[in-house]
Amino acid sequence: MRTADRQRPAPGELFLDHVSHFVPHLDAAAALLQELGFAVTPRSEQKVGGEPVGAENRCVMLEEGYIEILAPTLDTPPARRMRERIDRFVGVHLACFGTPDAEAEHRRLVAHGFEPQPLVDLQREVEEGSGKRVRFKVVRPAPEKMPEGRIQYVQQLTPEAIWTDANLAHDNGVTALKSVFVVAEDPIQTAARWARFTGLLPRRENDWISLQANRGRVVIASREHLSPLFENPPPAPALAGYALACRDPDEFAARLSRSGIAARKTGARYAVALPA
């Protein structure tokens with residue numbers, strides 16, 4: 001099966017699809033990712049019904065899921081609103097679940113009181129002037145219902161347009177998005193809310209609570225109990241960061257070090273704080 005085909009969950013399945021960094025300078029962020037051995041997609045502007053929504057992105061596509069870097073476009077009212085949001089929330093502020101049926105997720109979130117916004121059909125050109133488009137449907141709850149960030153669902157309609165051999169040609173051994181970490185004042189109550197949102201069963205893992213999807217998981221803990229992994233976790237409610245799988249973590253940590261980014265070993269993991 002092609003990598004692109006593996007990005008579509010089967011009926012009844014749920015994936016951790018992607019996380020997003022809000023960045024003030026899109027190309028500077030992309031240049032750092034390229035220095036670290038990632039293939040980064042070209043700049044792409046998001047549109048609804050052919051109209052710009054005020055944001056553009058570049059992505060790191062992985063064998064499982066992807067990482068997005070997101071910035072506002074210039075000189076448009078939507079971009080000014082996006083700029084205000086990004087200036088306030090620079091860092092990891094979006095976690096998205098992959099679903100085979102966006103309409104069904106929308107109905108379920110309505111039934112569970114998440115007051116989702118109308119279903120959005122988004123599209124973007126893979127590269128300006130290419131004519132090749134990525135299309136997807138997005139479900140977003142009312143922002144106050146999931147205060148940790150922009151927590152949403154996506155149904156990938158054209159994964160073959162973006163999960164290409166060229167976009168997967170990383171030379172650092174990073175293969176997959178595995179976890180997203182959530183900071184909570186009350187991890188039990190927060191996990192119960194995330195369980196209603198995702199339909200996943202929370203399980204205790206020592207000082208953490210995890211929700212395991214068919215691919216990827218959510219880890220919820222207090223700031224204190226995330227501190228061994230994250231040097232300075234943000235105050236709750238927030239997304240603290242995410243975990244990636246890598247074929248040779250020691251070599252990737254050395255590469256980070258050569259680029260001036262400290263990789264701190266904590267147990268079997270390396271922890272890295274990226275610049276804005």
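Which residues form one aromatic cluster? The cluster consists of F97, F114, Y153, W194 and F197. The model is a predicted one, in which local features need pLDDT of at least 70 and side-chain atom pairs count only at pLDDT 80 or more, while totals for chains, interfaces and linings use all residues. Residues are numbered from 1 along each chain as its sequence is written, and side-chain values use heavy atoms, with hydrogens and water left out.

**Nonpolar cores**

- The largest nonpolar core has 47 residues; such a core is a set of buried Ala, Val, Leu, Ile, Met, Phe, Trp, Tyr and Cys residues joined through side-chain atoms within 4.5 Å.
- F97 and W194, two members of the aromatic cluster, have the most contacts inside this core.
- Beyond its neighbours within four places in sequence, W194 is in contact (heavy atoms within 4.5 Å) with F97, M146, E148, I151, V182, G199, L211, V218, I220 and L239.
- A second, separate core has 19 residues, among them F22, A55, V120 and I162.
- In soluble globular proteins, nonpolar side chains tend to be buried together.

**Aromatic pairs and a charge over a ring**

- The structure holds 9 aromatic pairs; rings of Phe, Tyr and Trp (its six-membered ring) pair if their centres lie within 6.5 Å, and planes under 30 degrees apart count as stacked, over 60 as edge-to-face and the rest as tilted.
- One of these pairs is F38 with F252: the ring centres are 6.0 Å apart and the planes stand at 85°, so the pair is edge-to-face.
- This pair links distant parts of the chain, since F38 is in the loop between helix 1 and strand 2 (44-48) and F252 is in helix 6 (residues 249-258), 214 residues apart. Helices (H or I, at least four residues) and strands (E, at least two) are DSSP runs, numbered from the N terminus.
- F38 and F252 are both buried, where buried means under 20% relative accessible area, exposed over 50%, and partly exposed in between (1.4 Å probe, protein chains only).
- F181 and F230 also form an edge-to-face pair, with 5.4 Å from centre to centre and 70° between the planes.
- That pair joins strand 9 (residues 174-183), which holds F181, to the loop between helix 5 (223-226) and strand 13 (238-246), which holds F230, 49 residues apart.
- F181 and F230 are buried.
- The charged end of R215 sits over the ring of F15, 4.2 Å from its centre; for this, NZ of Lys or CZ of Arg must be within 6 Å of the ring centre and within 35 degrees of the ring normal.

**Salt bridges**

- The count comes to 16 salt bridges, each being a side-chain nitrogen of Lys or Arg within 4 Å of a carboxyl oxygen of Asp or Glu.
- E205 forms a salt bridge with R217, the closest N and O atoms being 2.9 Å apart.
- The E205 and R217 pair links strand 10 (residues 202-205) with strand 12 (residues 217-221), the two residues being 12 residues apart.
- E205 is partly exposed, at 31% relative accessible area, whereas R217 is buried, at 13%.
- E251 and R258 form another salt bridge, with 3.3 Å between the closest N and O atoms; E251 is partly exposed at 41%, and R258 is exposed at 59%.
- Salt bridges that share partners join D27, R43, E56 and R58 into one network.

- In helix 1 (residues 26-35), L26, A29, A30 and L33 are buried.
- These residues cover an arc of only 100° around the axis, which puts them on the same side of helix 1; the arc is that of the directions from the helix axis to the C-beta atoms.
- A221 lies in strand 12 and is buried, at 0% relative accessibility.
- Apart from residues up to four places away in sequence, A221 touches V182, V183, A184, P187, D207, W208 and L226.

**Backbone features**

- Most residues other than glycine have a negative phi, and most peptide bonds are trans.
- A cis peptide bond joins A236 and P237, with omega about -5°; P237 is in the loop between helix 5 and strand 13.
- E115 has a positive phi near 50° and is partly exposed, at 48% relative accessibility.
- N206 has a positive phi near 55°; N206 lies in the loop between strand 10 and strand 11 (208-212) and is exposed, at 71%.
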